[in-house]
Structures are given as C-alpha cells and as structure tokens.
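Dear colleague,

Please find below the structure I am handing over to you. My notes on its helix packing follow it.

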Amino acid sequence: MSSAAEESRLGALDRVLDEQQPVSSLADELFAVVDAIEGQPALRRSLTDPGLPEEQRKALARQLLTNRVSPAVVYVVEQAAGMRWGGGRSLISALERQGVRAELRAAQQDGQLDNVEDELFRFGRTIVGDRSLSEALRDRRSEVSAREGLVTSLLSGKARAATVALARRAVAGRSGSYVDTVDSYLALAADLRRRGLATVRVARPLTADQHERLRVALSRQVGREVAMHVVVDPEVLGGVRVELGDEVIEGTVAGRLDDARRSIH
C-alpha cells in the first residue's frame, strides 16, 4: 500500500472523527478499543481481511462494540473497519491517531489546546534532557502501568488533565522513542489548527517581539501559519536552527533564514 493511499485513508478517518462531538470521553473509549483489538490477533485479522466484503467488516465492528462504547465510537471504528488497511497494525495505528485527535479536539473546544500543546512540548524536552527518565520511559521490561505512573507523578498538579492523559498514553507508543510519540501528538495538534509546526533552537531567549517576528518570518517562508516551539540552546550555530517537518534549516546557511535571523537581532 502506497504512502499516498495510507495518507488518504487517514485523512478520511480524520473527517469521520471530526463529525463527532469533541469530548474527552471519545479518546478514552477509542484507546480502550485499540487496546482490546491489539490483544486479539484473530480479531485484527478479521477487521482488516481484504477477502471479506466491506459491509461484513463493518458489521463485525458493530457487533463487537454496540452497547459497550458510545455510538460515536462505534461509528468511527465501523468506518475504519470498512477501509482497506495494510494489516491489523495499520488499523490500530489509525484508531490510536483518532484517540489522540479526540483528546486534542476536546482541548480545542475548551480553549485549552495552546496550553496543552505547550505543556506537552515542555514535558518532552524535560525527558530529552534527563537521561534516567528517558531510559525509564522506554524500558519495555517495565510494566506499562508503572511507566504511566511515573508520568503521572511528574505531571500531577502541574499540567492540565488532557496533557496528563496524552503524556500517559505516549508511554504505549508503538514506534520510535517516547519523545518521538509526544512529538507526533504535537504535529497532530498543529494540524488541527491548519498550522505548520517548527521547533526553533536559539542561542539565547527570545523576547515576545522577537518571537512574533520570527514566527511571521517562518510563516512567510513556508506559505502558511506556523506554530513555534522555542528551545534555548547556547551551542546553536548562527543563533538560530529551525526544524520544520523533515527539514532542518541552519541560520548559517546563506539566504535560507535571512528574514528570520534579522528578526532576532
């Protein structure tokens, strides 16, 4: 299955979720469904079996979930089962994505998305900067519940409920490191607001005015609004380093960040 086809399916499932009322309980239910499907290989195979008609796969999802979760979640999973995925793991990843998006959409509805995004980013950077914490969270020999408890102890009383819920969920990330998973959540948050996502590393803290001018400069360069997360790193070459998607732009590269460099001087 091509990457373009996968992205098309994910986009279609995003639109299915976006038709539902944005409440945090959808996330809890979707995560519970993901965990249940993941623990049953035979069910995963049935829900993604290309040899079964689409309606039969949908009917199986309805039969499994009706009266166990809300009608909205039944509908989302039913529609997902009706799509053709590369296998059970692809379906699980797609539903996991919707669980994260459901939590983010609820935060957006409550006017808290900016705060949740900022808290997740800062927590991720804390983990990056603490080797023992990073190792503890990626240690697959430790029970997931123990690692979730560690996250809760670090964030309890210091972050919003949605931040804690997502930071806990990232413990069960299925690909990459813990911070990779958190960063994927941040990308989904930016996408909800139709923004690009840039991590900007600077040699010294930015003033509010410098932050805004740099954001405007980057938005102009990429042709859409950009959400910026700023990391102060005295070792940054040239005063500024921008990570925008898969692209890394160094402030020392002639002509690439002229406007951005000027904005912080």
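Predicted model: local features only at pLDDT ≥ 70, side-chain atom pairs only at ≥ 80, totals over all residues.

Residues are numbered from 1 along each chain as its sequence is written, and side-chain values use heavy atoms, with hydrogens and water left out.

Helices are DSSP runs (H or I, at least four residues), numbered from the N terminus. Helix 2 (residues 24-38) packs against helix 5 (residues 71-81) at an angle of about 45°, and their axes are 10 Å apart. Axes are lines fitted to C-alpha atoms over the stretch in contact, and angles run from 0 to 180 degrees between N-to-C directions. The two helices are therefore oblique to each other (angles under 35 degrees count as roughly parallel, over 145 as roughly antiparallel, 65 to 115 as roughly perpendicular and the rest as oblique). Leu26, Glu29, Leu30 and Val33 of helix 2 make the contact with Ala72, Val73, Val76 and Val77 of helix 5, where contact means heavy atoms within 4.5 Å.

For helix 9 (residues 144-155) and helix 10 (residues 161-169), the packing angle is about 150° and the axes lie 9 Å apart. Helix 9 is therefore roughly antiparallel to helix 10. On the helix 9 side, Glu148, Gly149, Val151, Thr152 and Leu155 meet Thr163, Val164, Ala167 and Arg168 in helix 10.

Yours sincerely
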